[in-house]
Amino acid sequence: MSTVCVPPGFEEHAKLFFRIYDLESSHTCPEMKMTGLKPKTSRRCRFCGNSYSPNTKFRKDAHLFPNLLGNRYLVSDFECDRCNSTFSKYENDLANFLGASRVLNDVKGKEKIKFVSPEKSLRAEKTNLSNIQEGILPEGLLFDRDNISDQTFTFDKNTGQAKITYTKPSYRPINVYKIFLKMALSCIKEEDTKYFKRTLEILMTKELDGSIESLCTMGVYTQHIAGGYPAPIGFLYRRKDTTSFIYPAYVFALYFQNYIYQMFIPYCIFDLPLYFKSAIPYIWSPPVFSTEVEIPKITYSPINLGRTDMVKGEKHSVNFKVSQDELTNIVRYDPATKTTEASQLDLENAKGIFFIDENARINIPKE
Ligand SMILES: [Zn+2]
């Protein structure tokens, strides 16, 4: 870990963490199809334990991290089609849990992402708004609503602070947890998977769902920077000393979009003494960056994804700030009459909000 750095304020945390853990492996998404995978007929699924047979096929591309997080080509040769379709269902919960933030962070998945809130009152998508008039606007991110009095947009004209609030589609937290757990287990070396028999039971059966809530705590760092990670990166950390039982043996961190989600992998065979304690003590890895990037402002919040019932009607907000210059220097363009006039920004009564790159050009046709 010599070429990485941590944001200001995380130095002590980093020292402590790396005293206990080593980076075991990092997993980045390649730009093109992978080669060197095992032939399908000699594959064994690490999740259900079945080897290739007429009943266990490996026809589908098994993405190590979900395609919906921007992973196109990082695939494994140890996930059978049946397990793959189980995990696809959990991925739907993950997509709903992330809500519009996927569009906001412009994740490059298989399809063009479009977010529609459950009551269909808000849509978010990448578009060039060509339905308004060709050639005026570059591609950008559109938040569009049907009813301008629905309070989706709130805006403080004095400070420029703006908020888009919408309802997330329903999701089951335990399934979101399980898709992270599946990613973590996918990063374990083949020969080490034998340490996770009980973990696999948690992942593969529903019977234990109600009893593992306390283990489903995750640490989330949010970076306040535009862009983030277009494709996910996974870091697997392993405790240096296998005979000390202070912290769990494995910690997994996934960097994607503007987030870093972390978990300890529960029920590793080395950790069993920890499970006699009332709560598992854990320490999250610090956010790490390569020295080339400008280190962003980061906030931390823990979440628990142990709930087994469906979460319905959860609100989520996207916050942004309009600068003083933008507040006072507004030009209104009417595509019907092709005229412009000086105006005031009134986001609360806007039909939609369209974000474009600050360096992009808007071509307003001459009257
Ligand atoms: Zn399987």
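Domain bounds here come from an automatic or database domain assignment. By that assignment, the protein splits into domain 1 (4-97 + 170-316) and domain 2 (119-167 + 322-355). Their C-alpha centres sit 37 Å apart.

Keep in mind that this is a predicted model: local features need pLDDT of at least 70, side-chain atom pairs count only at pLDDT 80 or more, and totals for chains, interfaces and linings use all residues. Residues are numbered from 1 along each chain as its sequence is written.

Next, the overall build. We have six helices and 19 strands. Those are DSSP runs, numbered from the N terminus: helices are H or I, at least four residues, and strands are E, at least two. Along the principal axes, the C-alpha atoms fill a box of roughly 75 × 50 × 40 Å.

Now the inside. Of the 367 residues, 32% are buried, meaning 20 or more other C-beta atoms, placed from the backbone, lie within 10 Å of the residue's own.

What about the cores? A nonpolar core is a set of buried Ala, Val, Leu, Ile, Met, Phe, Trp, Tyr and Cys residues joined through C-beta atoms within 7 Å. The largest has 60 residues, and F180, A184, Y250 and F252 have the most contacts inside it. Contact means C-beta atoms, placed from the backbone, within 7 Å. Helix α4 gives this core its largest share, nine residues. A second, separate core has 13 residues, including V103 and F143.

Last stop, F252. Its contacts beyond four places in sequence include A184, L236 and M263.

Notes: Buried ≥ 20, exposed ≤ 12 C-beta atoms within 10 Å, placed from the backbone. Contact = placed C-beta atoms within 7 Å.
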